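Take the aromatic rings and then a pair of helices.

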Amino acid sequence: MEAAEALQRAVGTLSTTAMTRMDAQMPWFRELGAAERSWVGLIVQAGIRGFVGWYRSSSVDPAGADTALAASVFGAAPRALTGTITLQQTVDLVRLGIDVVEENIEHTVPEASVADVRGAVLRYAREVAFATAEVYARAAEARGAWDARLEALVVDSVLRADHDETVLSRASALGWNATSGVLIALGFLPSSRPERSDADLFDDVRRSAAQVRADALCAAQGDRLVVVLGSVTDAQAAGVAIADHFAPGPVVLGPLTPDLASAHLSARGAQAGFRAVSGWPDAPRPVHSDELLPERALAGDGHARRYLVDEVFVRLADEKATLVETLTTFFEVGDSIEAAARSLFVHPNTVRYRLRKATELTGLSPTNPRHAFAYRIALVLGRQSGRARHPDGIEQPEL
């Protein structure tokens, strides 16, 4: 107990010595603000006082000396300090405080107690090391949980078209650097396994996206995995890079949009495509939402229906009335150019020319089965819209 009393009396001197040495040996300490320097000083003083109390307890009850050092040492400073100084810097300052105590043992306690106190310092240093790791582990865990909530909020805002400035600032806080080429990927969430969490899955997605130099934000919504990809230059390559992280089943990519503020347009296409993709059992993985326009239109997606009318049917009708007639006949005779030519009383080369012209106008080839399906739906919707033209050029009234 005599040694403990001597250490208690020397706490002030030892703390002052430690602070002086920190100022001289640790450049990062000198660069801190006044408040941060005060917090660090409190930690050092608490560490030295904690050792005295710990040594006193161990002298009375060695088995009960293992107290909550994390609270006694680091409770003196706010949690924000873990974001101000690094773990390595914390280890350095704790080591310095222990060194100061160890170097002054001979001048502080009776000679008979020097060996015992020196051994106690070593044991205490080990306990403080564990306490330091615990503090930073908890801080990292809390930061990870906060980041996960913030990431889910950003993705949800994109899906709901809540594209105000806070969405971009929140995304930037998560490391989002993309300023162009944003799209949404949507698929089923893999079945959860005990050894892997959603955070592990999201990290895997981000690593795969980084291989094609893309940013990624992820969120789990029910049984769906939503991925926002940024800095995308090749939508297909980006989709292929992350497709394996989804559960078996379709993976739908929305259209490429200029930035995060307009990403809700990609989300709308991806969600509409995901709802309709069951109509195409052999759809590639990933599949682009534009490739699902016929299924989306049949499922009641107004945007897909308008696109097929405006960008397919109306373009054909406005260019030349014979294009609509030729396509209709071509499909009715079983996709045969010769049979269509006989039915239309024209040369087969005329039919070929008109089919090529339709491809140039819409980007859809009538001889491609998938494109032919889109044409058939567009022709039906176009006629139903009342926007077909009469042979005399007068537009028919809407029904």
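Phenylalanine 188 has a relative accessible area of 28%, so this residue is partly exposed; buried means under 20%, exposed over 50% and partly exposed in between, with a 1.4 Å probe and protein chains only. Phenylalanine 274, at 13% relative accessibility, is buried. The model is predicted: local features need pLDDT of at least 70, side-chain atom pairs count only at pLDDT 80 or more, and totals for chains, interfaces and linings use all residues. Residues are numbered from 1 along each chain as its sequence is written, and side-chain values use heavy atoms, with hydrogens and water left out.

Rings of Phe, Tyr and Trp (its six-membered ring) pair if their centres lie within 6.5 Å; planes under 30 degrees apart are stacked, over 60 edge-to-face and the rest tilted. The count comes to 4 aromatic pairs. Phenylalanine 188 and phenylalanine 274 make an edge-to-face pair, 5.1 Å centre to centre with 65 degrees between the planes. Because phenylalanine 188 lies in strand β1 (residues 183-188) and phenylalanine 274 in helix α12 (residues 263-276), the pair ties together parts 86 residues apart in sequence. Helices (H or I, at least four residues) and strands (E, at least two) are DSSP runs, numbered from the N terminus. Elsewhere, Phe330, Phe331 and Tyr375 form one aromatic cluster.

Helix α14 (residues 302-319) packs on helix α15 (residues 321-332) at an angle of about 125 degrees, with the axes 4 Å apart. That makes α14 oblique to α15. On the α14 side the contact (heavy atoms within 4.5 Å) involves Phe313, Leu316, Ala317 and Glu319; α15 contributes Ala321, Leu323, Val324 and Leu327.

Notes. Axes fitted to C-alpha atoms, helices over the stretch in contact; angles between N-to-C directions. Parallel < 35°, antiparallel > 145°, perpendicular 65-115°, else oblique.
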